Amino acid sequence: MTQPVQQTPATAAALALGDDALVLSHRLGEWAGHAPVLEEEVALANIALDLLGQARVLLSSVGDEDELAYLREERAFRNLQLVEQPNGDFAHTIARQLYFSTYQQLLYGHLAGGDSEFAPLAAKAVKEVAYHQDHARQWTLRLGDGTEESHARMQRAVDALWRFTGEMFLPVAGLDVNWQEMQLSWSATVTAVLREATLTVPEGPTTGAWRAGAGRQGLHTESFGRMLAEMQHLHRSHPGASW
């Protein structure tokens with residue numbers, strides 16, 4: 001079991017951001033050996049490693065990074081429900097990446113310009129995330145404005161994951177952010193990409209289709225438990241092992 005984490009606004013924020021990066025890194029790593037082309041094998045692996053680097057910095061600021069990653073129970077994780085969603089087909093992975101990387105780019109851009117303890121990480125990470133967002137944007141355009149089949153798959157992915165995006169703009173203790181302003185910027189950016197890709201923008205926050213999840217409170221979707229069991233299996237099977 002992990003040692004109890006002292007709950008302060010700063011540690012709560014570090015866990016939330018660190019868990020986001022850790023979980024999405026693992027999801028992207030699941031594409032190893034399965035990506036549609038070799039170039040994407042490398043691209044997704046690089047994005048996963050960028051996110052893992054972010055996760056290590058954030059989690060190590062709270063406690064032992066390995067214990068926090070591999071020994072916490074499901075309810076102790078504070079990641080967004082969006083990042084834990086299964087990869088699905090390639091279009092689902094791209095839609096998830098477009099939504100999250102746009103959010104991350106805006107958040108880290110804001111934090112990089114401040115004087116909080118997250119400013120140094122954000123200043124480095126925002127450069128990485130700019131690539132992540134551009135990668136997702138280019139693939140959204142390519143699939144959305146491609147063949148009839150690719151367009152249909154991309155639209156299904158965009159629609160299916162939209163309901164998880166509202167949670168990104170719920171305030172996180174320890175982060176001094178204008179969440180409403182960030183939501184408006186996110187919506188404008190994502191809407192522009194989807195329209196350029198000839199895709200229909202899902203219904204927005206004024207309708208019931210925009211539903212915030214509860215991942216920040218430790219409540220996760222069914223697929224997360226299976227993913228966590230796989231991610232933690234080796235460490236739990238060989239406690240204390242060294243390589």
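This is a predicted model: local features need pLDDT of at least 70, side-chain atom pairs count only at pLDDT 80 or more; totals for chains, interfaces and linings use all residues.
Trainee: How does one describe a pair of aromatic rings?

Mentor: One gives the distance of the centres and the angle of the planes. The structure holds nine aromatic pairs. One of them joins Trp-31 and Phe-90, whose ring centres are 5.8 Å apart with 85° between the planes. An angle over 60 degrees counts as edge-to-face, and this pair is therefore edge-to-face.

Trainee: Which parts of the chain does the pair of Trp-31 and Phe-90 tie together?

Mentor: Trp-31 belongs to the loop between helix 1 (9–29) and helix 2 (38–60), whereas Phe-90 is in helix 4 (residues 90–112). The pair therefore ties together parts that are 59 residues apart in sequence. Trp-31 and Phe-90 are both buried.

Trainee: What is the geometry of the pair formed by Phe-100 and Tyr-103?

Mentor: That aromatic pair is tilted, at 5.7 Å centre to centre and 45° between the planes. Phe-100 and Tyr-103 also belong to a cluster linked by ring pairs, together with Tyr-99, Trp-162, Phe-169 and Trp-186.

Trainee: Let us turn to the whole chain. What secondary structure does the chain have?

Mentor: The chain has eight helices and zero strands, which gives the pattern α-α-α-α-α-α-α-α along the sequence. Its radius of gyration is 17 Å, close to the 18 Å that the globule rule gives for 243 residues, so the chain is as compact as a globular protein of that length. Along the principal axes, the C-alpha atoms fill a box of roughly 50 × 40 × 35 Å.

Trainee: What share of the residues counts as buried?

Mentor: Of the 243 residues, 48% are buried. The chain exposes about 11600 Å², of which carbon and sulfur atoms supply 54%.

Trainee: Where does Thr-198 lie, and how accessible is Thr-198?

Mentor: Thr-198 is in the loop between helix 7 (179–196) and helix 8 (222–237). With a relative accessible area of 41%, Thr-198 is partly exposed.

Terms used:
Residues are numbered from 1 along each chain as its sequence is written. Side-chain values use heavy atoms; hydrogens and water are left out. Helices (H or I, at least four residues) and strands (E, at least two) are DSSP runs, numbered from the N terminus. The radius of gyration is taken over C-alpha atoms; the globule rule is 2.2 Å times the number of residues to the power 0.38. Buried means under 20% relative accessible area, exposed over 50%, partly exposed in between (1.4 Å probe, protein chains only). Accessible areas come from the Shrake-Rupley method with a 1.4 Å probe; for residues, only the protein chains shown count as cover. Rings of Phe, Tyr and Trp (its six-membered ring) pair if their centres lie within 6.5 Å; planes under 30 degrees apart count as stacked, over 60 as edge-to-face and the rest as tilted.
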